[in-house]
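Hi there,

Here is the structure I promised to pass on to you.

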There are 2 protein chains.
Amino acid sequence: MTVTGTETTGAGADSCAGPPQGDRRPDGEDRYTISEVVALTGLTAHTLRWYERIGLMPHIDRSHTGQRRYSNRDLDWLALVGKLRLTGMPVADMVRYAELVRSGDHTYTERFELLERTREDVLSRIAELQGTLAVLDRKISFYADAGRALASERTR
Amino acid sequence: MTVTGTETTGAGADSCAGPPQGDRRPDGEDRYTISEVVALTGLTAHTLRWYERIGLMPHIDRSHTGQRRYSNRDLDWLALVGKLRLTGMPVADMVRYAELVRSGDHTYTERFELLERTREDVLSRIAELQGTLAVLDRKISFYADAGRALASERTR
DNA sequence: TAGAACGCTGGAGTGCACTCCAGGCAAGCG
DNA sequence: CGCTTGCCTGGAGTGCACTCCAGCGTTCTA
């Protein structure tokens with residue numbers, strides 16, 4: 001089974017969250033400290049450690065003194081998590097997804113379904129927002145008209 | 001200053017949140033109990049009372065025994081609040097807007113600006129969601145391909 | 001080799017947006 | 001007349017997603 005370049009099988013099958021952003025180092029030298037990841041992702045160190053505690057991250061590699069060393073793959077995962085967070089997906093659901101990824105290839109179907117559901121959610125959120133936008137535009141043009149009317153009243 | 005039919009001046013200038021939804025009664029007989037409003041809006045009675053406490057609602061009319069009686073105008077306002085809530089606008093900002101509405105016509109400019117900012121927020125949320133959608137679609141098609149590959153592997 | 005800077009942990013605290021509770025009126029019904 | 005139903009209040013509680021703290025070890029720089 002050969003599908004794409006980086007996305008083959010196993011735990012690595014879930015790292016394609018978009019173009020590589022920020023100042024990444026090439027694979028092999030990718031052992032970022034927590035503060036580097038903070039700079040790269042915008043998350044706080046607290047949040048990164050918390051994500052790990054709740055099982056939203058795979059187990060992060062450690063230095064010989066026990067400090068976290070994040071890899072490019074970890075950054076990819078964080079980028080995906082960031083995207084999913086934007087959709088409003090609850091953290092618990094992301095943890096569920098993370099568990100599926102950890103469990104191996106036989107969870108592909110379930111992951112697929114979870115992502116499909118999320119996709120539907122996103123579509124309806126977009127529709128909602130566009131409905132709201134229509135309301136806002138209506139009110140905004142009302143206030144714009146009112147402002148013009150007030151102005152012409154003053155110059156009259 | 002004459003702008004539109006219902007949207008003229010004063011406290012009533014902020015009730016245009018879309019088509020009239022649900023089983024409204026005509027103006028004049030619009031004295032809904034809290035449970036009717038619950039049915040009409042999907043909010044809980046707790047939330048409705050809480051909205052009032054924090055100043056997100058105008059003062060609601062009461063029956064002779066002190067029970068709330070909501071008007072069509074109140075429902076309009078709730079519909080707008082619902083829309084704004086969908087945008088992710090914090091409740092505190094909605095309270096601010098409600099205060100502006102209560103303060104009278106001289107706050108038109110400020111209301112306009114607030115709505116404009118909200119509009120921009122909504123636009124960027126939509127853009128964010130569309131970015132996320134792209135990522136989801138990429139991953140979904142990956143899993144779809146993987147599923148097909150696994151299937152053909154089994155039948156091979 | 002001192003001191004600042006960075007990182008670690010478990011657990012407690014925060015802010016938001018509700019959500020619920022206890023105790024008590026008031027109206028309608030058999 | 002009692003009972004159920006609906007609504008009232010102030011205040012306490014909940015769930016989520018962080019966010020911070022105390023107390024300690026390690027690493028880097030002067």
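Chain A has 5 helices and 2 strands in its secondary structure.

How confident is the prediction for chain A? The average pLDDT of chain A is 84, and 83% of the residues score at least 70. Comparing its elements, H2(A) has the highest confidence, at 96, while helix H5 (residues 108-155) has the lowest, at a mean of 90. Please be careful with residues 1-20 of chain A: pLDDT stays under 50 there, although the model has 49 contacts beyond four places in sequence for that stretch.

Chain A has 156 residues, and 40% of them are buried. Its accessible surface comes to about 8,400 Å², with 52% of that belonging to carbon and sulfur atoms. If you take the contacts in chain A between residues at least 6 apart in sequence, 54% of them join residues at least 24 apart.

You will find Leu78(A) in helix H3 (residues 72-86) of chain A. Is Leu78(A) buried or exposed? Its relative accessibility is 5%, so Leu78(A) counts as buried. What does Leu78(A) touch, leaving aside neighbours within four places in sequence? Its contacts are Val37(A), Thr41(A), Leu43(A), Leu48(A), Tyr51(A) and Met57(A). Take Leu48(A) from that list: Leu48(A) and Leu78(A) are 30 residues apart along the chain, with 9.1 Å between their C-alpha atoms.

Which residues come nearest to DNA strand C? Out of the 18 residues around DNA strand C, those are Ser35(A), Arg49(A), Arg53(A), Arg68(A) and His46(B). Of the atoms of DNA strand C that come within 4 Å of the protein, 76% are accounted for by sugar and phosphate. You can find some of the phosphate contacts yourself. In Ser35(A), a polar side-chain atom is 2.7 Å from a phosphate oxygen of DNA strand C. Thr33(A) has a side-chain N or O atom 3.4 Å from a phosphate oxygen of DNA strand C, and for Tyr51(B) that kind of distance is 3.4 Å. The elements giving two or more residues to this surface are helix H1 (34-41) and helix H2 (45-53) of chain A, plus helix H2 (45-53) of chain B. H2(B) supplies the largest share of the surface near DNA strand C, with 4 residues. By class, the surface near DNA strand C has 5 nonpolar, 8 polar and 5 charged residues.

Then turn to strand D. There are 18 residues around DNA strand D, and His46(A), Thr65(A), Ser35(B), Arg49(B) and Arg68(B) come nearest. Sugar or phosphate makes up 74% of the atoms of DNA strand D within 4 Å of the protein, and bases make up the rest. For Arg49(B), a side-chain N or O atom is 2.5 Å from a phosphate oxygen of DNA strand D. Thr65(A) has a polar side-chain atom 3.2 Å from a phosphate oxygen of DNA strand D, and for Tyr51(A) the distance is 3.4 Å. Here H2 of chain A, together with helix H1 (34-41) and H2 of chain B, are the elements that give two or more residues to the surface. The largest share near DNA strand D, 4 residues, comes from H2(A). Sorted by class, that surface holds 5 nonpolar, 8 polar and 5 charged residues.

Arg68(B) sits in strand S2 (residues 68-69) of chain B. Why does Arg68(B) count as buried? Because its relative accessibility is 17%, and buried means under 20%. The side chain of Arg68(B) makes a polar contact of 2.6 Å with the side chain of Glu52(B). Beyond four places in sequence, Arg68(B) touches several residues, including Tyr32(B), Ile34(B), Arg49(B) and Asp61(B).

Enjoy exploring!

Note on methods: Residues are numbered from 1 along each chain as its sequence is written. Chains are lettered from A and ligands numbered from 1 in the order in which they are written. This is a predicted model: local features need pLDDT of at least 70, side-chain atom pairs count only at pLDDT 80 or more; totals for chains, interfaces and linings use all residues. Side-chain values use heavy atoms; hydrogens and water are left out. Buried means under 20% relative accessible area, exposed over 50%, partly exposed in between (1.4 Å probe, protein chains only). Contact means heavy atoms within 4.5 Å. A residue is near a molecule or strand if one of its heavy atoms lies within 4 Å of it. A polar contact is a pair of N or O atoms within 3.5 Å; within protein, one must be able to donate a hydrogen and the other to accept it, and residues adjacent in sequence count only if both atoms are side-chain atoms. Ala, Val, Leu, Ile, Met, Phe, Trp, Tyr, Cys and Pro count as nonpolar, Asp, Glu, Lys and Arg as charged, and the others, Gly among them, as polar. Accessible areas come from the Shrake-Rupley method with a 1.4 Å probe; for residues, only the protein chains shown count as cover. pLDDT is the predictor's confidence in each residue, from 0 to 100.
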